[in-house]
Amino acid sequence: MQALLLLQGRPQITASELAAELEVSVPTARRDLEALAMSGVPIYPARGRGGGWRLIGGARTDLTGLTQGEVTSLLIGLTQSLGAEPERVAAVRKLVRAMPAPFREGAQRVAAATVRDVPWGEAERESTSSTVAALQAAIADELQVRATYDGSGGERVLELVPLVVGSRGARWYLLGAPVVPGGESADPDCVRTYRVDRIREVELLPQRGIAPDGFDGSGEWARMVERVEGMRGRVRAILRVKPWAVRAMLDRFGVQARMIDSVIEPDDPVVEVRAHRADALAEQLAAWASVVEVVEPAEVRSHLRQIGERLVEQYRDA
């Protein structure tokens, strides 16, 4: 986003120059430039010595030259590509303030209602980004949506006010609620969490749909994460892990794992992992049997023993 502002007064800019201006890494700056191009901004990279990113000849570089649709598309593309680093969040806010006044409110709504969080969950489907973009466009224009949702109870059609779209790692989630009967505002008592990859179709409706007065999107997102983490992490196990396997285990379990001070032997890496049930945790840890020893609790150790006994019985004649 900041790249577009910087290009207003320059014939071109390199990823290194942009990184220095924004105090970010060169790869992050390069991703910003690529995201601008993918969002429809007329810029292109000139290769070779003396090259850099340039606006296509004759293109206007003033933000007032963008239409409302182009501004929304630009912001949607970039909020999906940015991480949650404080400097990146600050960059989004600066660009929103620089936008033409008629477009600023919708841009502010998109920026405030998009959350990029730490890794959590599995990878999303390839079509998810277009669904996220549609939900963000509805938020920008304060519109209701009709979505076909494939949930645990089967496929159903929902009419919602989208309030927050956020990701934990590669997977995106929607916080949404139906409209209060007889009004336009979302019902604050009916906010629900939906996985975006389970939304089969989404349609923007002409009816207005706005967030409740005083709605705190960041706070609601944090409460949702806390709720889900509580359900996912009811059972904890203490593990002794071979040193060379610690990093792989932490990466595999993500936020459900953490290093703790060794209380067994000073040189032993000790890791705590969590899951929603003891048997489910044992099934996950069975794959790590060659590099992990479960110290406690006894319930998880018992489930692991049962898994081992079943395997021995199944392959007794192998």
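This is a predicted model: local features need pLDDT of at least 70, side-chain atom pairs count only at pLDDT 80 or more; totals for chains, interfaces and linings use all residues.
Biologist: How many helices and strands does the protein chain have?

Modeller: Helices (H or I, at least four residues) and strands (E, at least two) are DSSP runs, numbered from the N terminus. On that basis the secondary structure of the protein chain comes to 11 helices and 13 strands.

Biologist: What percentage of the residues in the protein chain is buried?

Modeller: Buried means under 20% relative accessible area, exposed over 50% and partly exposed in between, with a 1.4 Å probe and protein chains only. The protein chain has 318 residues, and the buried share is 43%.

Biologist: Is Glu 142 buried or exposed, and which side chain does its own side chain meet in a polar contact?

Modeller: Glu 142 lies in the loop between α7 (128-141) and β5 (143-151). Its relative accessible area is 18%, so Glu 142 is buried. A polar contact is a pair of N or O atoms within 3.5 Å; within protein, one must be able to donate a hydrogen and the other to accept it, and residues adjacent in sequence count only if both atoms are side-chain atoms. At 2.9 Å, the partner of the Glu 142 side chain is the side chain of Arg 208.

Biologist: How far apart in space are Val 161 and Ile 210?

Modeller: Val 161 sits in strand β6 (residues 154-168) and is buried at 1% relative accessibility. Contact means heavy atoms within 4.5 Å, and the residues that Val 161 touches include Gly 209 and Ile 210. Val 161 and Ile 210 are 49 residues apart in sequence, and their C-alpha to C-alpha distance is 6.7 Å.

Biologist: Which residues touch the most other members of the largest nonpolar core?

Modeller: A nonpolar core is a set of buried Ala, Val, Leu, Ile, Met, Phe, Trp, Tyr and Cys residues joined through side-chain atoms within 4.5 Å. The largest one has 23 residues, and those touching the most other members are Leu 239, Val 273, Leu 281 and Leu 285.

Biologist: Which elements do the buried residues of α10 pack against?

Modeller: The buried residues of α10 are Ala 278, Ala 280, Leu 281, Ala 282 and Leu 285. They pack against β10, α9, β12, β13 and α11.

Biologist: What is the orientation of α9 and α10 to each other?

Modeller: Axes are lines fitted to C-alpha atoms, for helices over the stretch in contact, and angles run from 0 to 180 degrees between N-to-C directions. α9 and α10 pack at about 140°, with their axes 12 Å apart. Angles under 35 degrees count as roughly parallel, over 145 as roughly antiparallel, 65 to 115 as roughly perpendicular and the rest as oblique. The orientation of α9 and α10 is therefore oblique.

Biologist: Which residue has a side chain joined to that of Arg 316 by a polar contact?

Modeller: Arg 316 is in the segment after α11. Its relative accessibility is 53%, so Arg 316 counts as exposed. At 2.7 Å, the side chain in polar contact with that of Arg 316 belongs to Glu 313.

Methods:
Residues are numbered from 1 along each chain as its sequence is written. Side-chain values use heavy atoms; hydrogens and water are left out. Lists of a residue's contacts leave out its neighbours within four places in sequence.
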